[in-house]
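Visitor: I am new to this structure. Could you walk me through how to read its domains and what surrounds the ligand?

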Amino acid sequence: MLTLVNTNRMTPPIAPIGLDYLACAARRQGETVDMLDLCLVDDPACSLREYFAHSQPELVGLSFRNIDDCFWPGAAWFLPDLAGTVGLVRALTDAPIVLGGVGYSIFPEEVLVQSGADFGIRGDGETALVALVAELRAERRWDRVPGLVWPSGTAIHANAASWPSSLAVPAARDAIDNPTYFRRGGQVGLETKRGCPRQCIYCADPLAKGNVARLRSPADVADEAEALLAQGVDVLHLCDSEFNIPAGHAHAVCDELIGRRLGDRVRWYAYLAVVPFDDGLASRMRRAGCAGINFTSDAASPAMLRTYRQPHRREEIAKVVHLCRRHGIAVMLDLLFGGPGETPETVAESIRFFQQTDPNCAGAALGIRLYPGTEAARLAETDGPLDRNPGIHRRYEGPIDLVRPTFYVSPALGDHPARLVRELIGGDPRFFEPASDVPQPAAADYNYNENQRLVNAIAQGARGAYWDILRRMQPG
Ligand code: B12
């Protein structure tokens with residue numbers, strides 16, 4: 001018997017869809033699976049004690065979705081909480097403990113060591129978890145478990161990441177309490193693919209999901225939407241890095257949803273790259289139920305678009321906004337201020353351009369969360385070693401440790417970069433502006449970590465992507 005534990009307690013709560021898939025896949029292989037969802041209980045330690053007083057699983061799997069909130073100046077870090085949960089589980093059961101999830105997969109060795117777990121699985125969990133259970137029962141050949149990371153003596157061994165090229169993800173979605181997540185979280189996730197081939201210099205997705213898009217069959221995606229609909233969940237958020245990469249698959253998924261008349265029964269939101277996007281895709285997405293798109297636009301200054309390695313030109317940003325408006329799709333543009341080479345002039349240039357294109361809203365994030373091995377981390381070092389780099393923003397002392405939330409803001413933005421960006425936005429209500437240069441309690445920002453405004457709005461019936469809920473609450 002296997003016990004899966006969701007450790008993510010952030011609010012508004014996001015359904016742990018990875019665990020939904022894992023439990024369903026393991027049950028199909030004949031395993032008995034218990035689910036312990038610490039997000040939906042009042043006292044996690046008490047729930048763990050009660051559970052292990054009566055259950056003796058062979059393996060306990062903990063999911064670790066977010067290692068931090070990726071949001072400056074929030075910079076909340078969740079590894080100490082995970083280590084606490086591992087310690088408590090260890091005290092309550094002799095079963096080995098395995099970790100998984102995106103937060104784990106970005107830093108597989110560091111999180112394994114610092115949390116004290118026995119194993120980790122980097123990448124997809126469906127096949128790997130069942131393979132681990134099989135090895136625990138038989139020869140214990142850890143080298144045969146995809147993505148497995150494990151300590152042996154003073155060394156850490158790591159198999160190649162578990163990124164199977166053919167995706168057979170179960171579509172039942174019946175292992176977690178999706179209706180409660182819908183009621184408290186306002187939308188529930190659904191994947192059409194995994195992995196991202198784009199080159200954005202700052203992104204962690206290729207580290208956790210691989211840099212090849214691995215596609216699900218459109219029929220499976222539609223089956224899953226129907227399974228969620230049958231549970232009363234009719235607002236979805238796609239969990240693809242970018243829905244339109246590759247575009248052919250996006251068209252095929254939309255056709256399947258339209259063919260099953262799901263477009264009339266569900267509303268959904270997605271992240272998209274600015275290119276490729278055209279009238280045909282916008283129209284299909286709308287007919288398939290798409291209510292809103294968040295585009296990874298990053299900047300409108302040509303210099304910063306080049307730095308971020310975005311393949312689009314700013315004219316294409318204006319085009320996608322226009323197409324969304326024409327087809328009645330709400331549109332958010334995501335901006336990332338403060339990358340290497342950013343100056344007050346490039347910030348002003350981007351803001352002016354976004355104001356002219358007139359999206360429903362624009363998220364003005366400030367500061368790049370640096371991940372090891374990314375081009376952003378390498379470029380940041382051109383301002384000097386990270387320990388003495390004037391662009392580094394962090395809330396911890398001592399040597400630079402990228403496992404902890406560590407951000408880069410171009411030093412050319414001065415000592416108060418958030419104030420500068422806010423002044424340039426000039427109170428335009430379409431922007432979610434950087435909160436402040438220091439964290440504020442109950443800040444009215446668009447960090448979805450402990451966002452009480454969102455929690456309240458959802459409790460009062462708001463549904464949809466969080467940006468869509470928040471922008472409807474913006475003054476003006
Ligand atoms: C969609 C999405 C959102 C949507 C979620 C919508 C929804 N209803 O689900 C929204 C916009 C709400 C959102 C919010 C946030 N997100 Co987000 N999100 C994503 C995205 C694109 C997909 C996540 C997902 O569900 N994937 C699909 C599931 C099936 O995959 P999975 O969870 O990884 O599970 C698989 C494996 O990891 C593994 N696995 C999972 N658990 C376990 C457990 C065990 C034991 C094992 C063995 C394996 C295993 O097996 C699963 C199946 O193969 C990812 C990036 C990405 N491409 O993954 C970012 C991502 C996870 N988010 C991120 C962040 C930071 C956040 C926020 C904190 C941002 C903020 N400050 O507001 C919030 C947190 C919200 C919350 N309550 O947790 C970061 C996390 C990085 C980090 N440093 O930790 C990511 C990686 C984006 C990024 N590149 O920076 N997010």
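Guide: Happy to! Let us begin with domains: their bounds come from an automatic or database domain assignment. Here that assignment gives domain 1 (2–158) and domain 2 (178–367 + 409–473). This is a predicted model, where local features need pLDDT of at least 70 and side-chain atom pairs count only at pLDDT 80 or more, while totals for chains, interfaces and linings use all residues. Residues are numbered from 1 along each chain as its sequence is written.

Visitor: How many residues of domain 1 are in contact with domain 2?

Guide: Two residues are in contact if their C-beta atoms, placed from the backbone, lie within 7 Å. By that rule, 18 residues of domain 1 touch 28 residues of domain 2. Helix H4 (residues 102–106) supplies the largest share of domain 1's side, three residues. Helices (H or I, at least four residues) and strands (E, at least two) are DSSP runs, numbered from the N terminus.

Visitor: Which residues come nearest to the ligand?

Guide: A residue is near a molecule if its C-beta atom, placed from the backbone, lies within 6 Å of it. Of the 48 residues around the ligand, Gly 18, Gly 61, Gly 100, Gly 125 and Gly 189 come nearest. Helix H1 (17–28) is among the elements giving two or more residues to this shell, and H1 gives the most, five residues.

Visitor: Where does the ligand lie relative to the two domains?

Guide: Both domain 1 and domain 2 give residues to the shell around the ligand, so the ligand lies between them.
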